[in-house]
Amino acid sequence: MTVDTGQELGGTIPRARVEDDAPRLEPMLDLEWSRAIELPQAAMTAATPAELRRAWVHRAPEDSVLALFRASAGMAGPIPAPWWLRAVADGKLDSREQGFRVEDRIAQLLGRRPGWEFVPWAADGESGYWEFMPSERGKSGHAIPTTVMNTDRHPGWIDVLPAHTGRTPDPIPIAGLAGLRSRLGVIEAVR
């Protein structure tokens, strides 16, 4: 057996890693938070926000949830979380139960009205949202239906995203459940 000693081995030896292609390691706290908001697959068929509340953040003692949220949020800016948890952490909402009541009252109002459907697969950690299906592909031809979602942006806790096609419009702040109830005729008029 002969070996060609004139061959360069440089092409067969992998080069050393540079910082840019080093593996990205996530801190354990980030992984713990990710598991805290993770929903079981069965929750994706939820018809109301109450049926969606299956993650650790919904069931664990509220002080433990707040402690983990605050520790995780301090790592790298905003993290995925339910609107009510951000509001409780900021002192804008007294408790998780108050947030659940807001969601449940919206569900009682919209769940009985024709055309409204609950969408459980919102962004990670979020509580789902409601879509007014007649506003999608109706006479107006909008590709995205009118959407009602919860928010921590203001103390009414409800935003409406008008039916649209193309660029997403700014959400319209609604003054709580009474404000939503009083504006439903206008909201539902877009078809």
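Buried means under 20% relative accessible area, exposed means over 50%, and partly exposed lies in between, computed with a 1.4 Å probe on protein chains only. The model is predicted: local features need pLDDT of at least 70, side-chain atom pairs count only at pLDDT 80 or more, and totals for chains, interfaces and linings use all residues. Residues are numbered from 1 along each chain as its sequence is written, and side-chain values use heavy atoms, with hydrogens and water left out.

**View 1. The β4–β5 loop at Thr168.** Thr168 is found in the loop between β4 and β5 (172-174). Helices (H or I, at least four residues) and strands (E, at least two) are DSSP runs, numbered from the N terminus. With a relative accessibility of 44%, Thr168 counts as partly exposed. Its C-alpha is 9.0 Å from that of Ile144, a residue 24 positions away in sequence.

**View 2. Overview of the chain.** Seven helices and five strands make up the secondary structure, in the sequence order α-α-α-α-α-α-β-β-β-β-β-α. The chain has 191 residues, of which 39% count as buried. Among contacts (heavy atoms within 4.5 Å) with a separation of 6 or more, 43% join residues 24 or more positions apart.

**View 3. The largest nonpolar core.** A nonpolar core is a set of buried Ala, Val, Leu, Ile, Met, Phe, Trp, Tyr and Cys residues joined through side-chain atoms within 4.5 Å. The largest one has 41 residues, and Trp33, Ile106, Val148 and Leu180 touch the most other members. Two or more residues each come from α1 (28-37), α4 (62-76), α5 (83-89), α6 (96-111), β1 (116-119), β2 (129-132), β4 (158-161) and α7 (176-188). Residues up to four places away in sequence aside, Leu180 touches Ile106, Leu109, Val148, Ile158, Val160, Ile174 and Ile187. In soluble globular proteins, nonpolar side chains tend to be buried together.

**View 4. The aromatic pair Trp33 and Phe69.** The structure holds five aromatic pairs. Rings of Phe, Tyr and Trp (its six-membered ring) pair if their centres lie within 6.5 Å; planes under 30 degrees apart count as stacked, over 60 as edge-to-face and the rest as tilted. The ring centres of Trp33 and Phe69 are 5.6 Å apart and the planes stand at 55°, so this pair is tilted. Because Trp33 lies in helix α1 and Phe69 in helix α4, the pair ties together parts that are 36 residues apart in sequence. Both Trp33 and Phe69 are buried.

View 5. The rings of Trp84 and Phe100 have centres 5.3 Å apart and planes at 80°, so the pair is edge-to-face. Trp84 belongs to helix α5 and Phe100 to helix α6, so parts 16 residues apart in sequence are tied together. Trp84 is buried at a relative accessible area of 1%, and Phe100 is buried at 7%. Arg53 lies over the face of Phe100, 4.2 Å from the ring centre. A charge sits over a ring if NZ of Lys or CZ of Arg is within 6 Å of the ring centre and within 35 degrees of the ring normal.

View 6. On a 1 Å grid over the protein atoms alone, a cavity is a set of points where a 1.4 Å probe fits but cannot get out, and a pocket is an open set with protein on both sides within 12 Å along at least five of seven lines; lining residues have an atom within 4 Å of a point. Grid points are joined across faces, edges and corners, and a volume is the space filled by probe spheres set on the points. The structure holds one cavity of 30 Å³ or more. The largest cavity has a volume of about 50 Å³, and its lining includes Arg53, Trp84 and Phe100. At least two lining residues each come from α2 (49-52) and α6.

**View 7. The largest pocket.** The largest pocket holds about 350 Å³ of space. Its lining has 20 residues, of which Ser34, Ile37, Pro80, Asp124 and Gly125 lie nearest its centre. Helices α1 and α4 are the elements that give two or more residues to this lining, and α1 supplies the largest share, four residues.

**View 8. Ser72 in helix α4.** Ser72 is placed in helix α4 and counts as buried at 1% relative accessibility. Neighbours within four places in sequence aside, Ser72 is in contact with Leu29, Trp33 and Ile79.
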